[in-house]
Amino acid sequence: MRKTRLICLLALAVSLSFGQELLTNGDFEQDLSIGWTFTDSGAGTHTYDRATDYHPDPDYEAHTYQYDNPGWARLGQTVECPPPCNLRLDFTAKFEQIGGTSSCWPAACFSVCYLDENDNVLGETRYYYSTYATWTPSPTFSLYQVTDPDWTEYTLETMTELEEKLTGVDPEEIAKIEVALYSYTYSG
Ligand SMILES: [Ca+2]
Ligand SMILES: [Ca+2]
């Protein structure tokens, strides 16, 4: 059976800093080609944009969208993060999902990937909003299930995260961090 699937993720602002802001255009006030890179799974419909009216404040928000299945859409930015990886991530986001079953489900995610100097993913912290997602955490995969669909502020301290959740990641190997708006649909 095939049902309509429609998921979104909207972000008001993203900040990755330790004293000094590392992200370029983290408030989305400039065109998204500045600082941000869009990638997708190549099948289905994937879009991203920025607009002022996703959130009632007067300035811009960014948005990723994934339709049909399976597939994903990702708007990300990678920054250098020499060890020790001691950063504070603040983002304000709104997650949306429509439709889904236990065998075919959407998830709206905000992803933080810890990369080595060769861009290999050492671990990930993923915030996700999904009724059916079956992901389970591991020492290299930390999960935070979002249950509030309204605009909410989130904070992640990378040092604490690595010590308490991502015990399978060697902080000394981390050279970069990628943050991303990530819209995903699983189809089994
Ligand atoms: Ca706005
Ligand atoms: Ca903004």
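Begin by selecting Ala 108 in this predicted model. Leaving aside residues up to four places away in sequence, Ala 108 touches Ile 7, Cys 8, Leu 9, Phe 95, Glu 96, Gln 97, Tyr 128, Tyr 129 and Ser 183.

**The core around Ala 108**

Which residues of the largest nonpolar core touch the most other members? They are Leu 9, Ala 11, Ala 108, Cys 109 and Ile 177, out of 50 residues in that core. Next, colour the strands that each supply at least two residues of this core: S1 (6-18), S6 (71-80), S7 (88-98), S8 (104-115), S9 (121-129) and S12 (176-187). As a general principle, nonpolar side chains in soluble globular proteins tend to be buried together.

Now select S8, residues 104-115. Is this strand mostly covered or mostly uncovered? S8 is mostly covered, with ten of its twelve residues buried.

To find one place where they face each other, select Cys 104, which stands opposite Ser 187 of S12.

S8 and S9 form a hairpin, with five residues between them. Within the turn, select Asp 119, whose phi is positive, at about 70 degrees.

**The open sheet**

Six strands form an open sheet in the order S3-S6-S12-S8-S9-S10, and their pairing is mixed. Select S3 (37-40) and S10 (141-145): these strands stand at the edges, each with a single partner strand, so one side of each has no neighbour in the sheet. On average, neighbouring strands of the sheet are turned by 20 degrees against each other, direction ignored.

Select Asp 40 and its bridge partner in S6, Ala 73.

**The whole chain**

Finally, display the entire protein chain. It has one helix and twelve strands, and along the sequence these follow the pattern β-β-β-β-β-β-β-β-β-β-β-α-β. The radius of gyration is 16 Å, close to the 16 Å that the globule rule gives for 188 residues, so the chain is as compact as a globular protein of that length. Its C-alpha atoms fill a box of roughly 50 × 40 × 30 Å along the principal axes. Buried residues make up 42% of the 188 residues.

Notes: Residues are numbered from 1 along each chain as its sequence is written. Chains are lettered from A and ligands numbered from 1 in the order in which they are written. This is a predicted model: local features need pLDDT of at least 70, side-chain atom pairs count only at pLDDT 80 or more; totals for chains, interfaces and linings use all residues. A nonpolar core is a set of buried Ala, Val, Leu, Ile, Met, Phe, Trp, Tyr and Cys residues joined through C-beta atoms within 7 Å. A residue is buried if 20 or more other C-beta atoms lie within 10 Å of its own, exposed if 12 or fewer, and partly exposed in between; C-beta atoms are placed from the backbone. Helices (H or I, at least four residues) and strands (E, at least two) are DSSP runs, numbered from the N terminus. Two residues are in contact if their C-beta atoms, placed from the backbone, lie within 7 Å. Two strands pair if DSSP finds at least two bridges between them. The radius of gyration is taken over C-alpha atoms; the globule rule is 2.2 Å times the number of residues to the power 0.38. Axes are lines fitted to C-alpha atoms, for helices over the stretch in contact, and angles run from 0 to 180 degrees between N-to-C directions.
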